[in-house]
Amino acid sequence: MRFIIQRDRLVQSVQDVMKAVTSRTTIPILTGIKITANEEGVTLTGSDSDISIESFIPKEESGDEIVEIKQTGSIVLQAKFFSEIVKKLPTDSVEMEVLNHLQTVIRSGKSEFNLNGLDAEEYPHLPQIEESNKFHIATDLLKAMIRQTFFAVSTSETRPILTGVNWKVENGELTCIATDSHRLALRKARIETENNESYNVVIPGKSLNELNKIIDDNSELIDIVITENQILFKAKHLLFFSRLLEGNYPDTSRLIPNDSKTDVVVNTKEFLQAIDRASLLAREGRNNVVKFSTIEGGIIEISSNTPEIGKVVEEIQSQTIDGEELKISFSAKFMMDALKALEGTDIKVSFTGAMRPFVIRPLHDETILQLILPVRTY
């Protein structure tokens, strides 16, 4: 194998596939990056067997030559060293050559590295996915849907299924739901499916978070292919595979109340900042609890009291308060996460009593909601 490549493109591809490489793996070869050169260009692959990422660098793009292939072939190089080397090479062009016994030479300017490679034949094959059923989604929408749900997944392994985000596709609509059993985030959107298939899968939150970091905002559509135990996201020059979580996701529709006893409409930013200030003294306490109560004249009081530190009280003016008077306590962190995920300047919070879950939605937008369970305070 021998080729000459633009350094910037190589660095970018290495950074992308590094997101899937981990040092804690039972399969030693997976600590490496697989590099394959063929007539079309160079492909880099990284995997930790849960996530696999493949990045392709074409020979030329819009008339620019990016790679000059001298000889095809493949090699696996230690990811940790290879990624550091590539970042620090002195010139804009890099030559890579594999000599006998998997010795790999990396040249750039007057600098030359020799790395011991591993046999690419021993690298596990990526899943072969039949692409009969796929749907597409705009990149910016996909990123928004991940951002607005994935933070609510559980971080505890006691119920592994809750560490993922539930994706349901039905009648051309994708619904993403995440919950850690104390809060829930839901987002829906219309998508284009090819043959009106329906799916119900659970994607690890970690995979979605990594995917979100890699995909560019400038690639227009992303193809998504779902199989029994894998999901594949295809962007331009990038393949991202993730395994799916096994098991049934709990039915969350029962959790979301249909009626409410108190509805509050408030400016998102003002509310977020008030909660943020109230949480300053609550951080130390258990679950950083803040109290929320409605007062006459459409005023909301937000307070927090930690006996050994002090207390804070703040009043904000709501736009409207309908229904019964209410006093409720909840986690400031959960509320701030929820508010940051919502779009729109004004939100509506619907309460069904002091001990029941409450729902936060942007005003006039039914596609997104956040639900939080209150905290019992005596």
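**Whole chain**

The model is predicted. Its secondary structure amounts to six helices and 29 strands. Along the principal axes, the C-alpha atoms occupy a box of roughly 80 × 50 × 40 Å. The chain has 378 residues, and 52% of them count as buried. Among contacts with a separation of 6 or more, 66% come from residues 24 or more positions apart.

**A five-stranded open sheet**

An open sheet is built from five strands with antiparallel pairing, in the order β7-β1-β9-β10-β11. The edge positions belong to β7 (67-71) and β11 (111-116); each has a single partner strand, so one side of each lacks a neighbour in the sheet. From one strand to the next, the twist averages 15 degrees.

Within this sheet, strand β1 (residues 2-6) is joined to β7 by four bridges, and the two run antiparallel. One of the residue pairs is I4 with E68, the latter lying in β7. Two helices are placed against the strands. Helix α1 (residues 7-18) lies across β1 and β9 (93-98), and its direction is at about 95 degrees to β1. Helix α2 (residues 79-87) also packs on the sheet, where it touches β9, β10 (103-108) and β11. The direction of α2 makes about 170 degrees with that of β11.

**Pairings of strand β20**

Strand β20 (residues 238-243) pairs with strand β4 (residues 51-58) in the antiparallel sense, over five bridges. In this pairing, F240 of β20 is the bridge partner of I53. Strand β20 also pairs with β19 (residues 230-235), again in the antiparallel sense, with six bridges. Here S242 in β20 stands opposite I231. Strands β19 and β20 form a hairpin with two residues between them, and H237 in that hairpin has a positive phi near 65 degrees.

The table lists the bridge counts of the strand pairs described in this report.

| Strand pair | Sense | Bridges |
|---|---|---|
| β1 and β7 | antiparallel | four bridges |
| β4 and β20 | antiparallel | five bridges |
| β19 and β20 | antiparallel | six bridges |

**Two selected residues**

H182 is located in the loop between β14 (173-179) and β15 (183-190). Leaving aside residues up to four places away in sequence, H182 touches F334, I372 and L373. H182 and E65 are 117 residues apart along the chain, and their C-alpha atoms are separated by 53 Å.

K80 belongs to helix α2, the helix that touches β9, β10 and β11. Its relative accessibility is 57%, so K80 counts as exposed, the cut-off being over 50%. K80 and N212 are 132 residues apart along the chain, with 22 Å between their C-alpha atoms.

Key:
Residues are numbered from 1 along each chain as its sequence is written. This is a predicted model: local features need pLDDT of at least 70, side-chain atom pairs count only at pLDDT 80 or more; totals for chains, interfaces and linings use all residues. Side-chain values use heavy atoms; hydrogens and water are left out. Buried means under 20% relative accessible area, exposed over 50%, partly exposed in between (1.4 Å probe, protein chains only). Contact means heavy atoms within 4.5 Å. Two strands pair if DSSP finds at least two bridges between them. Axes are lines fitted to C-alpha atoms, for helices over the stretch in contact, and angles run from 0 to 180 degrees between N-to-C directions.
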